[in-house]
Structures are given as C-alpha cells and as structure tokens.
Amino acid sequence: MLIRPSTMDDLAAVDALLAHTYPKLLKADYPPSVLVTALPIISRARPELLVCGTYYVAEDNGAILGAGGWTRDAKDRNLGHIRHVVSDDRALRRGVGHALMEHSFAIARTAGITRMECWATRTAVPFYKAVGFETIGPIDVTLAGGIVFPSIKMMRDL
C-alpha cells in the first residue's frame with residue numbers, strides 16, 4: 001500500500017469512495033433523518049483538502065482504498081485537525097485507516113504539531129480510540145445550509 005499526497009486528479013476517485021462508503025458505514029449510528037440531509041454534503045471530496053499538501057490517499061495497485069489527512073489550526077500553531085478520513089468498506093480491517101493516521105501523525109510532528117483534534121462520526125469513535133485519541137464529548141458540527149451533524153470531539157497528543 002502506498003500513502004501519497006492527494007492531488008486534484010484524485011477528485012473523482014475520492015468522491016466515489018466517500019459516496020460509496022459513508023452511507024453504508026454511517027447508517028448503523030445515525031437516523032435516516034440525519035443522513036438524508038448530511039450525506040450529500042459529507043460524501044463529497046473537498047477540493048481545498050486535495051491540494052493542501054497534508055491530505056493523503058492510500059493506494060493499492062492503483063486503486064484508492066482510503067483518504068484522509070490533517071490541517072494546522074489557524075490560531076494555535078501546535079494544533080492539527082484530522083480531516084475527512086475514509087476507508088473503503090470493502091478494505092476495512094486491512095490497516096488502511098491506521099496507515100493514513102500514522103503517516104499524518106509523522107508529518108504533523110515534523111511540522112511542529114503537538115496535539116491533534118478530530119470531530120469523529122459516531123461510527124469512527126472506536127477507530128480513533130484505537131489510534132490514540134481520547135473522547136472529549138459530543139459536538140454538533142454545522143454543515144452547509146445550517147445542517148447539524150452530531151459528532152464526537154476527540155483529542156490526542158503527538
């Protein structure tokens with residue numbers, strides 16, 4: 001498996017991965033009334049992330065199996081934020097997400113980041129705990145159009 005920085009050339013593949021995977025993985029933890037409004041927003045690749053230099057894709061034989069990364073906080077230069085992580089549901093438990101997180105942590109440490117924050121979906125909390133995050137508590141994430149998506153704020157020291 002190769003972890004590399006994403007580019008705009010990855011837009012269609014990351015879009016397809018999010019659109020395919022998020023509805024399947026999130027349906028056990030969110031009611032349809034939340035998913036019907038949130039999925040069209042969160043299941044789209046974010047072009048600004050794809051070109052930020054700290055967002056990555058995990059490839060195996062040319063197929064993108066996962067994506068995710070981090071960005072530096074605008075005010076606290078020691079704080080990083082985990083961003084839009086996804087692993088193909090057909091590749092779960094193959095180390096894709098773990099590899100993306102370990103790569104992100106290593107690059108973030110090199111950049112002087114000492115703490116990471118993530119706003120996890122309810123579904124992803126066990127994964128983030130497994131890579132060292134601690135639960136801070138529930139947080140409502142406001143998406144485009146004022147749509148509220150219930151999430152869990154988590155933190156981790158690097």
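Strands β1 and β2 run antiparallel and are joined by four bridges. Two strands count as paired if DSSP finds at least two bridges between them. Strands (E, at least two residues) and helices (H or I, at least four) are DSSP runs, numbered from the N terminus. In this pairing, P5 stands opposite Y56 in β2. The model is predicted: local features need pLDDT of at least 70, side-chain atom pairs count only at pLDDT 80 or more, and totals for chains, interfaces and linings use all residues. Residues are numbered from 1 along each chain as its sequence is written, and side-chain values use heavy atoms, with hydrogens and water left out.

The whole sheet is considered next. Seven strands form an open sheet with mixed pairing, in the order β1-β2-β3-β4-β5-β7-β6. The edges are held by β1 (2-5) and β6 (134-142). Each has a single partner strand, so one side of each is left without a neighbour in the sheet. On average, neighbouring strands of this sheet are turned by 30° against each other, direction ignored.

The pairings can be followed strand by strand. β2 and β3 run antiparallel over six bridges, and Y55 stands opposite G69 in β3. The hairpin of β2 and β3 has two residues between the strands. In this hairpin, N61 takes a positive phi near 50°. β3 and β4 also run antiparallel, joined by six bridges. Here T71 has H81 in β4 as its bridge partner. The hairpin from β3 to β4 passes through six residues. β4 and β5 run parallel, with three bridges between them, and G80 stands opposite M116 in β5. From β4 the chain crosses through α4 to β5, and this β-α-β crossover is right-handed. That term applies if, with the strands pointing away from the viewer, the path from the first strand over the helix to the second runs clockwise. Strand β5 (residues 115-120) pairs with β7 in the antiparallel sense over six bridges. There, A120 stands opposite I152 in β7.

Buried means under 20% relative accessible area, exposed over 50%, and partly exposed in between (1.4 Å probe, protein chains only). Five of the six residues of β2 are buried, so β2 is largely enclosed by the rest of the structure. In β4, eight of the nine residues are buried, so this strand too is largely enclosed by the rest of the structure.

Helix α4 (residues 96-110) lies across β1, β2, β3, β4, β5 and β7. It runs at about 30° to β3. Axes are lines fitted to C-alpha atoms, for helices over the stretch in contact (heavy atoms within 4.5 Å). Angles run from 0 to 180 degrees between N-to-C directions.

Aromatic residues form a further set of contacts. The structure holds four aromatic pairs. Rings of Phe, Tyr and Trp (its six-membered ring) pair if their centres lie within 6.5 Å; planes under 30 degrees apart count as stacked, over 60 as edge-to-face and the rest as tilted. The rings of Y30 and F149 have centres 4.6 Å apart and planes at 25°, so this pair is stacked. It links distant parts of the chain, 119 residues apart. Y30 lies in the loop between α1 (11-26) and α2 (32-42), and F149 in strand β7 (residues 148-157). Y30 is buried at 3% relative accessible area, and F149 is buried at 4%. The rings of Y128 and F133 have centres 5.4 Å apart and planes at 80°, so this pair is edge-to-face. F105, F127, Y128 and F133 form one aromatic cluster.
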